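Hi,

Here is the structure I said I would pass along.

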Amino acid sequence: MLERSPRQLAEFLYLLARQELKARYRGRFLGYLWAVGHTFALAFVYWIAFKLIMQLDAPNYSVYLVTGMFPWAWMTVASIRAARSYVANAPLVREMGVAHGILPLSNVVAEMLHFILALPLIIAWVVLAGGHDPSIAWLWQIPVMLALQVAFVYPIALACALANVYIRDIEPMLGVAFSLLFFATPMVYPLSIVPEPLHHWFELSPFHALMDSWRTVFIAGTLDLAHATYAAAISVVTGALAWALYRALSPRVGETV
Amino acid sequence: MTHVVSCEGIWKSYERHRAVGLKSLLVGAETPRSDTRFAREWALSEVSLRVPRGQAYGVIGPNGSGKTTLLSILLGTVRADRGRLSLDGRVGSLLELGAGFHGDLSGRENVFLYGSILGMRVAEIRRRFDAIAEFSELDSAIEQPLRTYSAGMKARLGFSIIIRSQADILLIDEVLAVGDTRFQAKCRLALREFRARGGTLIIVSHDMKELAEVCDEGLCLDLGRVVDAGPIAGVIARYGERMEGARSRA
């Protein structure tokens, strides 16, 4: 049997994530700019629609958009790519055996690396366009948030990848599901414009908790403990569920994919 | 004699685990049940084999007889429904041409990726890289993206990686046929050296000449059952007669 130590798996994860990013950027700096520019362009579109045309009452709206949309893009892109990861790498899954849970994780890590590469631009936007001071606390807050987001996204990515092996329609449905979720979460509008009686429903959303934690870190330089803890607690639950799903399905994945 | 590879009474069915779509969930999937060559209930039934250390073992049989399924079960990527299985040592495999290879990465990067898939450490791959590149004879093409490679070049790269890895057991499925004659001869020589070092080889092929030359023993599968086993020359001869008989009946 294949013997895999944690060190060997970590190296394998790194190679897979690097391959993913390389394929995405095609080894060019311009490729990186395109990938980062896409999220900025999307933020610009929302800015035109909501701020310029609909006159949304939200202070520092462009910073609000940018600081939320990058972690959101990380989550959605990683999950959608993960959903494809088994099916698209079928020969690899067949050849590598039991350790294939590393495949969707490599999507999450690749998108994290992409997010980290975009950080200087996000921070530049927060400081230059938003007029916020850079915070020394970011040095620990951002790594904590990175870890939290990996813990939050990986169970989703793993579940998508496994489910898509058995139900191929998952992948096309994900895009629609994430769009719905995007507008159901305060991403392009602040929670303050939502009618008061609905607030507690929005506060129940772990997606809101996670994304708002990111925004608070970037904009206020503080880690919103209530939101972060809630997102972490949800990650533990979804993590356990995804693990159970993985245990149940993984032996058959190689032959089904 | 110690057997490094042994399996006993392996049964495998693919019937119950098929990917479904929204349509089949809603409308209900039809389950074809027939005992034809490619759509029978048991992909493998009651398959047993034992391979001692240093032996080369050939698996033959018509298309759809379960050869690749057997190798996948030995590799551990497909789980048998019943039966006992034991492999003693590190396994290297070359099951599908280009499996685990990534078209956008260079040959060099693919060596690292594939080595990692096989369970090797990066430091180990780095140490062996020159030997792998040399064996492949790809020269400067090893820096080119894999999508520019021909099937023969991919086979060279794949074979070079597994033959220069630290595997004790090699599982090879039908991939040597794409190399040119000279490279095939080189592979056969390398496999002989591999066995001389105590390596064990299980090989699936339709090239009877190659099997006769490389293997000591073997088995013949048909419809998922072992219909013949023993010294390879006899197995090949009887397989030829069986195929001949099938043709004259048809």
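Of the 250 residues in chain B, 41% count as buried. Keep in mind that this is a predicted model, and that goes for everything below.

Staying with chain B, its secondary structure comes to eight helices and nine strands. Among its contacts between residues at least 6 apart in sequence, 74% join residues at least 24 apart.

One part to look at is an open sheet of three strands in chain B, in the order E2-E1-E4, with antiparallel pairing. Strands E2 (44-52) and E4 (82-87) of chain B are at the edges and have a single partner strand each, so one side of each is left without a neighbour in the sheet. On average, neighbouring strands here are turned by 10° against each other, ignoring direction. Between E1 (residues 3-12) and E2 of chain B there are six bridges, and the two run antiparallel.

Which residues of H8(B) are buried? They are Ile232(B), Val235(B), Ile236(B) and Tyr239(B). These cover an arc of only 95° around the axis, which puts them on the same side of H8(B). What covers them includes strand E3 (56-60), helix H7 (208-214), strand E8 (217-222) and strand E9 (225-231) of chain B. On the face of H8(B) turned away from the buried side you will find the exposed residues Glu241(B), Glu244(B), Gly245(B), Ser248(B) and Arg249(B).

Now for chain A, which has ten helices and zero strands. A compact globule of 257 residues would have a radius of gyration near 18 Å; chain A has 19 Å, which agrees. Its C-alpha trace spans about 60 × 45 × 35 Å along the principal axes. As for burial, 39% of the 257 residues of chain A count as buried. Among contacts in chain A between residues at least 6 apart in sequence, 77% join residues at least 24 apart.

Over to you!

Cheers

How values were computed:
Residues are numbered from 1 along each chain as its sequence is written. Chains are lettered from A and ligands numbered from 1 in the order in which they are written. This is a predicted model: local features need pLDDT of at least 70, side-chain atom pairs count only at pLDDT 80 or more; totals for chains, interfaces and linings use all residues. Two strands pair if DSSP finds at least two bridges between them. Helices (H or I, at least four residues) and strands (E, at least two) are DSSP runs, numbered from the N terminus. Axes are lines fitted to C-alpha atoms, for helices over the stretch in contact, and angles run from 0 to 180 degrees between N-to-C directions. The radius of gyration is taken over C-alpha atoms; the globule rule is 2.2 Å times the number of residues to the power 0.38. A residue is buried if 20 or more other C-beta atoms lie within 10 Å of its own, exposed if 12 or fewer, and partly exposed in between; C-beta atoms are placed from the backbone. Two residues are in contact if their C-beta atoms, placed from the backbone, lie within 7 Å. The arc is that of the directions from the helix axis to the C-beta atoms.
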